Amino acid sequence: MITNFADLLKEFTKKEIDFLDSQNIKHTPTIGNMYEGLAHELVKKSIPPEWGLKVTNGFITNKKGALSNQIDCMLVVGAGEKIPYTDSYKFDIDNVLAVLEIKKNLYSAELSEAYENLRSVYGVFQPKEINETLLDNSYKSVFNEHPPTQNEFKNFPYWKDQIYRVLAFECMLPVRIALGYHGFSKESNLRKSFVNYIESNLHKKGFGPNSLPNLIISDTFSIVKLNGMPYSVPIKDNKKYWHILASYSGNPLVLLLELLWTKLTYHFGFMIPGFSNDLNIEILKPLLKAKAIESLGWEYVELEANEKELSSFELSTSWKPVEIDNL
């Protein structure tokens, strides 16, 4: 179901983008409002209307009164505070499920701006009660083992302890997405641009795993975080590296739906109808792996691939049950 729905959303979005692109408007704020409005409509069409969720823009706050940067699109629950004489709202971060930073064009310059805005969401984050089921399932998908007991966790090596803590924070944070309607013409260019941006900010605060966006969409290409919510690559490397980012060249709205629906499923405690019926598995191409090193911080390693290598991948495969011998 999710693939078919994503295809419908893609057709809707393409038609509306063509319409917006044809408008003879030069006023930059108005152009921004048009493309943000399209994103609001896209998110509204992505969620069950009966769940009472709201799509708006504005700012995210916390119990201490701190504010994020201006947010183009927020998927929220509950009541927010309307900002006087505007259509924007302030929402407590506990009521924000997802945020989107919207760009008509998303190239290297816009990538930096989008990252900074999404990072401001992490800046107002305050720990809250963790969804233990989500954390357990995320842990199992990343480590390919059962979650630790409290005693086992106390004896974790540093590299494993730090990944576990990142996953715990990911469970509590809103999904953070950068959406660019136009962008890079090659998957390799998007990959290289993002890696270059990270490299240019080494040893600066705000570039650890939790600060990385969950999804970056640049036209038809995307980069997704492998935090087990739902995507992951199990850690098998004896050097203890965690594959944290991967790229994708298929319909990026499949990834967007997977991230949003996973968040909603665990938040509300029941499945969106048809979510679990899709047997397609997206084939992701590893981009960045990470390892926590005590007293040094996070080490990132780029997994390079040229355009020919990237293009050789299939977009998806079908899930099949594991064959077992007869007993």
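Q: Is K103 buried or exposed in this predicted model, given its relative accessibility?
A: In this predicted model, K103 has a relative accessibility of 10%. The cut-off for a buried residue is under 20% relative accessible area. By that criterion, K103 counts as buried.

Q: With which residue does E101 form a salt bridge?
A: E101 is itself buried, at 4% relative accessibility. Its salt bridge has closest N and O atoms 3.5 Å apart, and a separation within 4 Å is what the criterion requires. The partner of E101 is K103.

Q: How many salt bridges does the count come to?
A: Side chains of opposite charge can pair when their charged atoms come close. A pair is counted when a side-chain nitrogen of Lys or Arg is within 4 Å of a carboxyl oxygen of Asp or Glu. By this rule the count comes to 14.

Q: How many residues apart in sequence are the parts that the pair of D92 and K63 ties together?
A: D92 and K63 form a salt bridge, with their closest N and O atoms 3.1 Å apart. D92 lies in strand β4 (residues 89-92), whereas K63 lies in the loop between β1 (54-61) and β2 (71-76), so the pair ties together parts of the chain whose separation in sequence is 29 residues.

Q: Which residues are linked with K63 in a network of salt bridges?
A: K63 pairs with D92 in a salt bridge, at 3.1 Å between the closest N and O atoms. The network also takes in a further residue, D94.

Q: In which helix do R165 and D161 both lie?
A: The side chains of R165 and D161 meet in a salt bridge, 2.8 Å from N to O. R165 is partly exposed, at 41% relative accessible area, while D161 counts as buried, at 12%. An α-helix has 3.6 residues a turn, so residues three or four places apart point the same way. R165 and D161 are four residues apart, about one turn, in helix α6.

Q: Which residues have the most contacts inside the largest nonpolar core?
A: The largest nonpolar core has 53 residues. Its largest share, eight residues, comes from α6. Apart from it lies another core, of 45 residues, among them A98, V175, I177 and I272. Inside the largest core, the residues with the most contacts are I60 and F194.

Q: What distance does helix α3 reach from its first C-alpha to its last?
A: Helix α3 covers residues 108-123 and has 16 residues. At 1.5 Å a residue, a span of 22 Å is expected. The helix comes close to this, reaching 23 Å.

Q: Which helix is included in what covers the buried residues of α3?
A: Among the buried residues of α3 are L111, Y115, L118 and V121. What covers the buried residues of this helix includes strands β1, β2, β5 (96-106), β6 (175-183) and β7 (215-218). The helix included in this cover is α7.

Q: With which residues is I293 in contact, leaving aside its neighbours within four places in sequence?
A: I293 lies in strand β11 (residues 285-293). It is partly exposed, with a relative accessible area of 28%. Once neighbours within four places are left aside, I293 is in contact with Y158 and E299.

Q: What is the radius of gyration of the protein chain?
A: The protein chain contains nine helices and 13 strands. For 327 residues the globule rule gives 20 Å, and the chain's own value is close to this, so the chain is as compact as a globular protein of that length. Its radius of gyration is 20 Å.

Terms used:
Residues numbered from 1 in each chain as written. Predicted model: local features only at pLDDT ≥ 70, side-chain atom pairs only at ≥ 80, totals over all residues. Heavy atoms only, no water. Helix = DSSP H or I, 4+ residues; strand = E, 2+ residues; numbered from the N terminus. Buried < 20%, exposed > 50% of the residue type's maximum accessible area, 1.4 Å probe, protein only. Core = buried A, V, L, I, M, F, W, Y, C linked by side-chain atoms within 4.5 Å. Rg over C-alpha atoms; globule rule 2.2 N^0.38 Å. Contact = heavy atoms within 4.5 Å. Expected span 1.5 Å × (residues − 1).
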